[in-house]
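Please read them next to the sequence and the model.

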Amino acid sequence: MLDKKRKLGKKIDELKVGEVYEKVCEVNDKDLLIYMGLTDDANPLYLQHDYASQTPFQRPVVPPVMLQGMISQAVSMHLPGPGSHLTYQEITYPKHVHHYETVTFTYKIEKILDEEHLIYISVQGEDSSGDVVVHGTLHVVPPYEPGSLNSISLENFY
């Protein structure tokens with residue numbers, strides 16, 4: 001395990017204001033059921049077609065926290081990537097998302113604060129009709145350059 005190199009995301013000096021990342025996510029039954037099982041969230045608006053059909057939504061909608069999870073995953077795995085940490089988010093959901101919808105997320109680095117080791121990222125998600133379904137701002141700590149692992153690093157292990 002110690003000999004295996006782990007790829008970290010972009011460090012703060014490798015990022016640029018204006019840098020963009022785009023990711024397309026499809027909401028499917030498997031993901032919805034995993035979310036419902038993990039959170040024990042049984043909101044009928046998210047799951048029951050018969051209930052949702054009697055609401056203004058007409059069909060079940062995707063829980064907003066699932067969309068937030070898609071955002072968090074992109075930060076953790078792509079921009080800036082592994083080793084980064086999301087510290088603040090302000091997200092709005094101007095339009096609901098139905099099951100089986102495809103959402104295209106666009107992330108853009110708006111500001112880099114070198115001394116604070118922090119970046120600001122804007123995020124916008126659009127459905128297949130081009131309507132904005134998610135919009136927000138994220139504050140992210142990019143990965144730190146690790147020191148080398150040596151015997152001193154292992155002093156706390158027995």
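1. A residue counts as buried when its relative accessible area is under 20%, as exposed when it is over 50%, and as partly exposed in between. On that scale, 35% of the 158 residues of the protein are buried. Bear in mind that this is a predicted model.

2. Overall layout. The protein has four helices and five strands. Read from the N terminus, the order is β-α-α-α-α-β-β-β-β.

3. Salt bridges. The structure contains five of them.

4. Lysine 10 and glutamate 19. Their side chains form a salt bridge, with N to O at 2.4 Å. Glutamate 19 is buried, because its relative accessibility of 17% is under the 20% limit. Lysine 10 has a relative accessible area of 33% and is therefore partly exposed.

5. Lysine 30 and aspartate 31. This salt bridge has an N to O distance of 3.8 Å. A salt bridge is counted within 4 Å, so the pair qualifies. Lysine 30 is exposed, at 56% relative accessible area. Aspartate 31 is partly exposed, at 26%.

6. Aspartate 127 and lysine 95. Is aspartate 127 buried or exposed? Aspartate 127 is buried, because its relative accessibility is 7%. Lysine 95 is partly exposed, with 29% relative accessible area.

7. Negative patch. Which residues gather in a patch of negative charge on the surface? They are Asp13, Glu14, Asp114, Glu115 and Glu116. Aspartate 114 belongs to the loop between strand S3 (102–113) and strand S4 (118–126). Aspartate 114 is exposed, because its relative accessible area is 53%.

8. Two loop aspartates. Please look at both in the model. Aspartate 114 lies in the loop between S3 and S4 and is exposed. Aspartate 127 lies in the loop between S4 and strand S5 (132–141) and is buried.

Methods:
Residues numbered from 1 in each chain as written. Predicted model: local features only at pLDDT ≥ 70, side-chain atom pairs only at ≥ 80, totals over all residues. Heavy atoms only, no water. Patch = residues over 30% accessible without salt bridge, like charges linked within 9 Å, V, L, I, M, F, W, Y side chains within 5 Å. Areas by Shrake-Rupley, 256 points an atom, 1.4 Å probe, with all protein chains shown as cover. Lys, Arg positive; Asp, Glu negative; His and termini not counted. Charge placed at Lys NZ, Arg CZ, Asp CG, Glu CD. Buried < 20%, exposed > 50% of the residue type's maximum accessible area, 1.4 Å probe, protein only.
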